[in-house]
Amino acid sequence: MILYLMKRLAGACVVLWVIITITFGLMHAIPGGPFTQEKKLPPAVVAAVEERYHLNDSLATQYWDYMKHAAVLDLGPSYKYPGKTVNDIIAETFPVSAELGFISLFLALGVGVCAGMVAAWRKNSWVDYSMMICATLGVSVPSFIIAAILIQLFAFTWPILPAAMWHGPSYVVLPALALAAQPTSFIMRLTRSSILDALAQDYIKTARARGVGTRSLLIHHALRNALLPVVSYVGPLAASLLTGSFIVESIFAIPGLGRYFVTSIYNRDYTMILGITIFYSFLIIMMNLVIDVIYPMVDPRIALQKRKGE
């Protein structure tokens, strides 16, 4: 186990280095810079600012300096928020995104798995058809459209929930629903198809012939094996939800990490873009590693040493 984790961590370092390199190159390939404005600044001011942030150095020097600081977890200062570092902004905003993400994740898992079980057990019934129509709509409709519909219905047509901001439990409901809609629908479809495959296996037929009850057959026999595809999906999903949906946070004016990432792109805030990209990538890698460790717990037939393609 320790050797496996060490190999995965070494691979994670290589992946992060590749991500940093590609992101760094793409940022500097975009025309303009962090201090490019419609109203041009005096050349002396521009030169002084670039000197302060070492933007007048060669790209190779800037890249090497950033890698040295990133190696000690120093993501640098923000160009657009004077007096704040990228580390400070992540520390301030990630708890908000994480709170919203955890609620959305539990909502997606709870509703998606339960609804998928019901749809699979009531296959080809009106319940199954109704749930699959809802799941198809949830997967097809973008989150910003769902967010707009929720705001219109529950903030204006029936003003029972706040439309935006982040000041209490009631402010979590609409963004959590908008953020969880698509993964809930995907998990519902995934659970349904996985359970149907499991129910067609010989061991299920044997258990049914031995008189195993419906509830026990579904929960204790079919569901456990059917959850493997869902577990695989949860890793990157959790990382995505915990860092916050960039669009949903912008729509609901939530002071989370996603909102800063959006503004950093059109502000050309190089260090902010790089820092949040690294943080997001690190979360995805760690979540996938956690899923690899959880896999054998869900299905003992799977051994970490025997997994291929990792």
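Me: Which elements have the lowest and the highest mean pLDDT?

Reply: pLDDT is the predictor's confidence in each residue, from 0 to 100. Among the elements of this protein, helix H2 (residues 43–52) has the lowest mean, 75, and H6 has the highest, 91. The whole protein averages 83, and 91% of its residues score at least 70. Over residues 304–310 the score stays under 50. The model is predicted, and local features need pLDDT of at least 70, side-chain atom pairs count only at 80 or more, while totals for chains, interfaces and linings use all residues. Residues are numbered from 1 along each chain as its sequence is written, and side-chain values use heavy atoms, with hydrogens and water left out.

Me: How many helices and strands does the protein have?

Reply: Helices (H or I, at least four residues) and strands (E, at least two) are DSSP runs, numbered from the N terminus. Here there are twelve helices and zero strands. The C-alpha atoms fill a box of roughly 85 × 55 × 30 Å along the principal axes.

Me: What share of the contacts joins residues at least 24 apart?

Reply: A contact means heavy atoms within 4.5 Å. Among contacts between residues at least 6 apart in sequence, the share is 73%.

Me: How should I read burial, and is threonine 277 buried or exposed?

Reply: Buried means under 20% relative accessible area, exposed over 50%, and partly exposed in between (1.4 Å probe, protein chains only). Threonine 277 counts as buried because its relative accessibility is 16%. This residue belongs to helix H12 (residues 270–298). Leaving aside neighbours within four places in sequence, threonine 277 contacts Ile19, Thr23 and Phe261. Buried residues make up 41% of the 310 in the protein.

Me: Which residues touch the most other members of the largest nonpolar core?

Reply: In soluble globular proteins, nonpolar side chains tend to be buried together. A nonpolar core is a set of buried Ala, Val, Leu, Ile, Met, Phe, Trp, Tyr and Cys residues joined through side-chain atoms within 4.5 Å. The largest one here has 41 residues, of which Leu100, Ile195 and Phe252 touch the most other members. Helices supplying at least two residues each to this core include H4 (86–121) and H7 (173–199). H7 gives the most, with twelve residues. Not counting residues up to four places away in sequence, isoleucine 195 touches Met117, Ala120, Leu218, Leu223 and Ala226. Apart from this core lies another, of 29 residues, including Leu75 and Tyr260.
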